[in-house]
Amino acid sequence: MSDQNRWLLPEGIEESLPDEAAWLEQHRRELLDMLSSWGYELVILPLIEYLESLLIGPSDDLDLQTFKLTDQLTGRMMGVRADMTPQVARIDAHMLKRDAPARFCYLGTVLRTRPGGRDLNRSPLQLGAELYGHTGVDSDVEVICLMLEALKLVGIENICLDLGHVGIFDELVELAGLREDQQRTLQALLQQRALPEYEQFLSGCSLAEEWQDILMALTDLSGDEGIIGHAKEVLGNTKGNAMEYIHYVETLSKQVTQRVAGVRLHFDFAALSGFRYHNGAVFAAYISGQGEQIARGGRYDMIGKVFGRSRPATGFSLDLKALAKIAPRSQPSRLGIFAPCDEDPGLHAVIERLRKRGERVICGLQGQHGGPQDMQCDRILQKENRQWQVRPIS
């Protein structure tokens with residue numbers, strides 16, 4: 001890299017300049033306070049862990065997203081966290097070992113090998129909340145309402161909530177008799193919405209015509225509330241728990257709309273969003289007219305099994321950096337008071353008092369370039385009748 005390009009950052013890695021950093025810090029505090037008011041305890045998680053602690057679940061999706069390196073002390077493989085849920089699962093299962101429901105929240109940077117999201121970012125500032133130790137609608141509803149409250153707090157409106165259940169797809173491909181490798185390929189194509197490729201691959205799986213039709217019909221089972229009845233018709237004669245999962249999502253939607261006014265609902269009974277450790281109801285939030293999700297979550301029961309203790313769990317996460325780019329900025333950055341360069345002890349006593357009151361006071365420097373307004377000040381300290389007074393800049 002030439003000296004002229006030394007300022008460049010790696011693709012998908014970004015920094016936050018003062019205005020954005022101020023927004024992030026303000027809302028970091030507000031969001032963590034709000035999560036605490038709901039009973040969610042803050043945990044601070046390590047940036048790097050041994051690889052086997054980070055890579056959990058039935059798929060390699062987290063593996064592909066994880067940066068890996070060798071620990072120079074032990075020779076063991078370590079990974080930089082690409083997602084925080086495995087770390088919280090370890091705390092719940094191995095460190096705290098509570099029997100009652102446990103609520104955790106976290107905020108920190110994760111690092112991913114591949115870019116994602118609307119900004120193709122590889123270093124999201126991930127905020128999340130997770131509830132362990134309860135299975136059923138109540139905990140899923142709480143987490144969904146919490147996610148919507150978090151979005152509301154940062155000024156996001158006109159939210160569309162997408163609801164689904166990954167158990168429907170998992171159950172249907174199992175009943176259809178597909179091999180595990182076929183299931184994974186079909187899942188990847190459906191998650192990417194590569195429908196022509198999905199249909200072509202399905203036709204080559206040598207399935208009975210009934211299962212061909214059912215698995216193809218799955219691609220059309222998304223829409224507004226009316227799609228629930230259609231899903232029941234299509235899947236009503238299948239064995240297993242597909243109908244139970246549909247009823248679960250329907251119950252979930254009714255309870256959420258009772259608690260949260262103004263949220264629009266969309267249903268996707270082929271939903272496969274998130275990482276593959278999700279194994280129950282899943283949900284995502286969108287802004288009207290935009291296709292990229294701004295928050296997502298779901299159920300991941302028994303995620304702590306790899307750490308020696310199985311507990312049901314549900315949670316959500318969002319990228320606070322991504323929200324900073326789309327949330328309204330209703331208030332400008334806080335403007336300051338400019339203090340001239342002067343060794344008067346009285347001036348410095350006034351500066352100290354102002355700062356203790358929460359004011360932002362910026363001191364001038366001898367021979368500096370630029371004046372008060374260049375340093376985002378709208379007031380100035382001036383000496384009048386031997387007293388330092390705050391005056392607006394004319």
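Where is the place of Gln376? Gln376 sits in the loop between β14 (361–363) and β15 (377–384). Helices (H or I, at least four residues) and strands (E, at least two) are DSSP runs, numbered from the N terminus.

This is a predicted model, in which local features need pLDDT of at least 70, side-chain atom pairs count only at pLDDT 80 or more, and totals for chains, interfaces and linings use all residues. Residues are numbered from 1 along each chain as its sequence is written, and side-chain values use heavy atoms, with hydrogens and water left out.

**The chain as a whole**

The chain has 13 helices and 16 strands. Its C-alpha trace spans about 95 × 55 × 45 Å along the principal axes. Of the 394 residues, 46% are buried. Buried means under 20% relative accessible area, exposed over 50%, and partly exposed in between (1.4 Å probe, protein chains only).

The accessible surface comes to about 20500 Å². Carbon and sulfur atoms hold 49% of that surface. These areas come from the Shrake-Rupley method with a 1.4 Å probe; for residues, only the protein chains shown count as cover.

Contact means heavy atoms within 4.5 Å. Among contacts with a separation of 6 or more, 68% join residues 24 or more positions apart.

The chain carries 42 positive and 55 negative side chains. Lys and Arg count as positive, Asp and Glu as negative; His and the chain ends are not counted. The centres of the two sets lie 8 Å apart. Each charge is placed at NZ of Lys, CZ of Arg, CG of Asp or CD of Glu.

**Cysteines**

A disulfide is a pair of cysteine sulfur atoms within 2.5 Å. By this rule the count is 0. Cys105 is in no disulfide; its nearest cysteine sulfur, that of Cys145, is 17 Å away. Cys105 is buried, at 1% relative accessibility. Cys160 is in no disulfide either; the nearest cysteine sulfur to it, again that of Cys145, is 15 Å away. Cys160 counts as buried at 12%.

**Aromatic rings**

A pair of aromatic rings is described by the distance of the centres and the angle of the planes. Rings of Phe, Tyr and Trp (its six-membered ring) pair if their centres lie within 6.5 Å; planes under 30 degrees apart are stacked, over 60 edge-to-face, and the rest tilted. The count is 3 aromatic pairs.

Tyr132 lies in strand β6 (residues 125–132) and Tyr300 in the loop between β11 (295–299) and β12 (313–319), so the pair ties together parts 168 residues apart in sequence. Tyr132 is buried at 1% relative accessibility. Tyr300 is buried too, at 2%.

**Loop residues**

Arg386 is in the loop between β15 and β16 (387–392).

Ser206 is in the loop between α8 (195–203) and α9 (209–217). Ser206 is exposed, with a relative accessible area of 71%. The C-alpha atoms of Ser206 and Leu178 are separated by 9.3 Å, and these residues are 28 apart along the chain.
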